[in-house]
2 protein chains.
Amino acid sequence: MSALLRHFIRDNSWWLIIAVQLLSLTAHAQGDPLPSWNSSAVKQSIIRFVSTITNEQSTQYVPPEDRIATFDNDGTLWAEKPVIQEQFVVFRIIQLVKQTPALRNKQPYKAILEKNRAYLKTLGRKGLLDLMDLTHTGMTETDFHDAVMRFFAVVKHPVLGVPVAQLVYQPQLELLNYLRDNQFKIYICSGGTVEFIRAISQKYYGIPPEQVIGTTFRYAYVDSAGVNDIMRLKGLNPLNDKREKPVNIQYYIGKRPILACGNIGGGGDISMLRFCQGNKYPSLQLLVHHDDGEREFEYEEDDNESLNNAHRYGWGVISMKNDWQHIFVGPTP
Amino acid sequence: MSALLRHFIRDNSWWLIIAVQLLSLTAHAQGDPLPSWNSSAVKQSIIRFVSTITNEQSTQYVPPEDRIATFDNDGTLWAEKPVIQEQFVVFRIIQLVKQTPALRNKQPYKAILEKNRAYLKTLGRKGLLDLMDLTHTGMTETDFHDAVMRFFAVVKHPVLGVPVAQLVYQPQLELLNYLRDNQFKIYICSGGTVEFIRAISQKYYGIPPEQVIGTTFRYAYVDSAGVNDIMRLKGLNPLNDKREKPVNIQYYIGKRPILACGNIGGGGDISMLRFCQGNKYPSLQLLVHHDDGEREFEYEEDDNESLNNAHRYGWGVISMKNDWQHIFVGPTP
């Protein structure tokens, strides 16, 4: 660091802040759209892809209306250890017990309040679906939205101790902005339930609610006795995961993405990336690899299915450790 | 007509064409965004509504991201006598018989080819659903799209004898443009099946495929044996009609429209308009009334349900006869 900079830090640290912002602006203007990414092969492949498909002189040119990108959410745009929507389940249980204190001694309320993981593990698939119904349905869409907004206003990550907004990956925000600057229309395609993500998609990612695809419940429209609203009914529709992701992309968008980005965890994004790769246009597939136990979390799949597919089909693997200079938006947790 | 104009028509008709285009441009520039609409109360209510909700000084201001409009399609954006998708069923049956000539003597192929309406009436709900499966499923999404494109390239209206593109209502195109100019995001919300409409939504209406909500079939994603595609499976999901329209608007958009437009026919749009009216923002509801037997078709509902709701809730009723100076885009059929 130069003596001049040291001087500014000691005596005029606000100058340094302005200098850093100017440097960042300059980097942007000079054409580094991904400043939090290290200059690695995957970063170069992204920039090469975007430059090519937006070049009208190229045989690989893709018209703006077909520049669809789909991103998984948990583990791809924000951290997923633990999955944030699980914390919402706990939040809702606490709310319900506040409303009806007698529930405190009833299961599964009791187990959730006491963090009795042994009991929760005995619930099985049916018990977990019941828990989703209990915490996510039986109310109007308006009331559910209010509950989600209250949750995001107060929740902190149980390990990292920061608000959820700070679990968003800074390099991915830069990628989203870069794609938008190049007239991509970006969708989230997540296993999480759709209104939960829609509540924060614009604020956290700049993605409008109508560009979020997720898991849904059954609904009924009610227009009587002073109620004019969607009622949230029990019964989760098929989870928007694995082979359901292309199916729902077809339902919601009716176009294949030319860029799809998921993460290595439960193999949930393989089909979405394959569907993208079947596009008649050139396409790019990306998988976030959680290989940075120091700055985030470190985990893989038992069967290595996502990585195996990445090697087989030439997908880009984003190493959080090597490819990302910063992990989280805002102050590092 | 002035002597001057008569002179131009006789000797220099291309001058007239330029003059008419200039007049039309002037009208647009001078602020009549709906030149094919007569200066009626409903036209004024539309312009007043749009002017108010886009005025940042107004207490009724609606931010651009919440300017959602939903339009029914059959009978609202194009003529529905007969429903155009019914013609596609016939088109597909003829295709299938060409591929497998032995089907010619089998039902329901035989009845369709012979226009045997008496037989078709005996089919009932189950028979009609089977007919939809037969003509719309059992293929990849790619192949289905090709079939739809072939249909739209050749089909003509059985009574009016014009291509389907000319069954679009000119005043509605002006309304769509006017709304887009004012940063509305416009969705089609139709009982027709979604990919059928998506195939022409951009070309006919300037509405991108991903902003079309319609009835869907069951799908499965297949990625094996050289096939990487969505397979269209038998089994129509619930018809996107009546109370299902608000439900699907919730699934697809997650926001209530501030403007909803349907038509008087089967009462299919009442719930969509009511859902719109429940918006926390100011909103406008419109119903097209087919009361012009000379220039289009004349029909109402047996129970008058749509009109009754329009009177009860103060919705705008668009009289095709009195409110629209022109009906169809392009040359009048």
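Domain bounds, as used in these legends, come from an automatic or database domain assignment. The model is predicted, so that local features need pLDDT of at least 70 and side-chain atom pairs count only at pLDDT 80 or more, while totals for chains, interfaces and linings use all residues. Residues are numbered from 1 along each chain as its sequence is written, chains are lettered from A and ligands numbered from 1 in the order in which they are written, and side-chain values use heavy atoms, with hydrogens and water left out.

**View 1. The two domains of chain A.** Chain A is divided into domain 1 (32–81 + 166–229 + 238–323) and domain 2 (84–154), and the centres of the two, taken over C-alpha atoms, are separated by 28 Å. Their contact (heavy atoms within 4.5 Å) takes 14 residues from domain 1 of chain A and 16 residues from domain 2 of chain A. The area buried between these domains (accessible area, 1.4 Å probe, that two parts lose on being put together, summed over both) is about 1200 Å², of which carbon and sulfur atoms give 72%. On the side of domain 1, A:Phe196, A:Phe217 and A:Asp229 lose the most area to domain 2, together 48% of what that side buries.

**View 2. The interface of chain A and chain B.** Chain A and chain B each give 36 residues to the contact, and they bury about 3000 Å² between them, 47% of it on carbon and sulfur atoms. In chain A, the residues that lose the most area to chain B are A:Glu210, A:Tyr221 and A:Tyr251, together 26% of what that side buries.

**View 3. A salt bridge between the chains.** Across the interface of chain A and chain B the rule (a side-chain nitrogen of Lys or Arg within 4 Å of a carboxyl oxygen of Asp or Glu) finds eight salt bridges. One of them joins B:Arg256 to A:Asp229, with the closest N and O atoms 3.4 Å apart.

**View 4. The surroundings of A:Gln211.** Leaving aside neighbours within four places in sequence, A:Gln211 is in contact with A:Lys185, A:Ile186, A:Tyr187, A:Ile188 and B:Lys185. The side chains of A:Gln211 and B:Lys185 are joined by a polar contact of 3.3 Å, the term standing for a pair of N or O atoms within 3.5 Å, of which, within protein, one must be able to donate a hydrogen and the other to accept it, residues adjacent in sequence counting only if both atoms are side-chain atoms.
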